[in-house]
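Colleague: I'd like to learn how to read charged side chains in a model. Could you walk me through it?

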Amino acid sequence: MLEIERKFLVRDLSFLKDTNHIKYTISQGYLIEAVGKSLRVRIKNDSAYLTIKFGENPLVRQEFEYRIDFMEGLELLNLCPKVLKKVRYVFEEAQLQWEVDVFQEALEGLCLAEIELKHPDQAIQLPNWIGEEVTRKEEFLNINLINRS
């Protein structure tokens, strides 16, 4: 499946008090990291997932995600050399679904917003809480953030 996603820094989180959002606690690690491909394990609340990503363009990549047994997910996460932790808020604004990640531990203070699009040139109205776009800045990819944690 094709993933088309833009990523932004978040100016502040005060807007969340006015949104009807779903909150997830996420722990994730990478079992395989290579140029243009990765295999990630993610624990999201009480569910576990394996995600395979292909592509070097941070805006458009192929992504395949599979739900797996929770206990197996925990075992796989324990095999990862590093684990990234964050709280994700998911909500709709202007008929688009936003995901805002608030990173924890060594990355505390970093907040990123992601939005998935139907096509790379899709026009979107950016909310006032959105800061700099970092879609093409590789240091803001989760696979690279994990090495800073």
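Colleague: Which residues are linked in a network of salt bridges here?

Modeller: A salt bridge is a side-chain nitrogen of Lys or Arg within 4 Å of a carboxyl oxygen of Asp or Glu. In this structure, Lys 7, Lys 86, Arg 88, Glu 99, Asp 101 and Glu 114 are linked in such a network. Before we go on: this is a predicted model, so local features need pLDDT of at least 70 and side-chain atom pairs count only at pLDDT 80 or more, while totals for chains, interfaces and linings use all residues. Residues are numbered from 1 along each chain as its sequence is written, and side-chain values use heavy atoms, with hydrogens and water left out.

Colleague: How many salt bridges does a search of the whole structure find?

Modeller: The search finds twelve.

Colleague: Let's take Glu 114. What does Glu 114 tie together with Lys 7?

Modeller: Strands are DSSP runs of E, at least two residues, numbered from the N terminus. Glu 114 and Lys 7 form a salt bridge with their closest N and O atoms 3.4 Å apart. Because Glu 114 belongs to strand 8 (residues 111-116) and Lys 7 to strand 1, the pair joins parts that are 107 residues apart in sequence. Glu 114 also forms a salt bridge with Arg 88, where the closest N and O atoms are 3.9 Å apart. Arg 88 sits in strand 6 (residues 84-93), so this pair ties together parts 26 residues apart in sequence.

Colleague: Are Glu 114 and Lys 7 buried or exposed?

Modeller: Buried means under 20% relative accessible area, exposed over 50%, and partly exposed in between (1.4 Å probe, protein chains only). Both Glu 114 and Lys 7 are buried, and Arg 88 is buried as well.

Colleague: What is the case for the salt bridge of Glu 133 and Arg 6?

Modeller: Their side chains meet at 2.7 Å, N to O. Glu 133 is in strand 9 (residues 130-133) and Arg 6 in strand 1 (residues 2-10), 127 residues apart. Glu 133 is partly exposed, at 34% relative accessible area, whereas Arg 6 counts as buried at 16%.

Colleague: Which side chain of opposite charge is nearest to Arg 42?

Modeller: For charge, Lys and Arg count as positive and Asp and Glu as negative; His and the chain ends are not counted. The nearest one to Arg 42 is Glu 65, 4.5 Å away, and Arg 42 is buried yet has no salt bridge. Arg 42 lies in strand 3 (residues 37-44).

How values were computed:
Helices (H or I, at least four residues) and strands (E, at least two) are DSSP runs, numbered from the N terminus.
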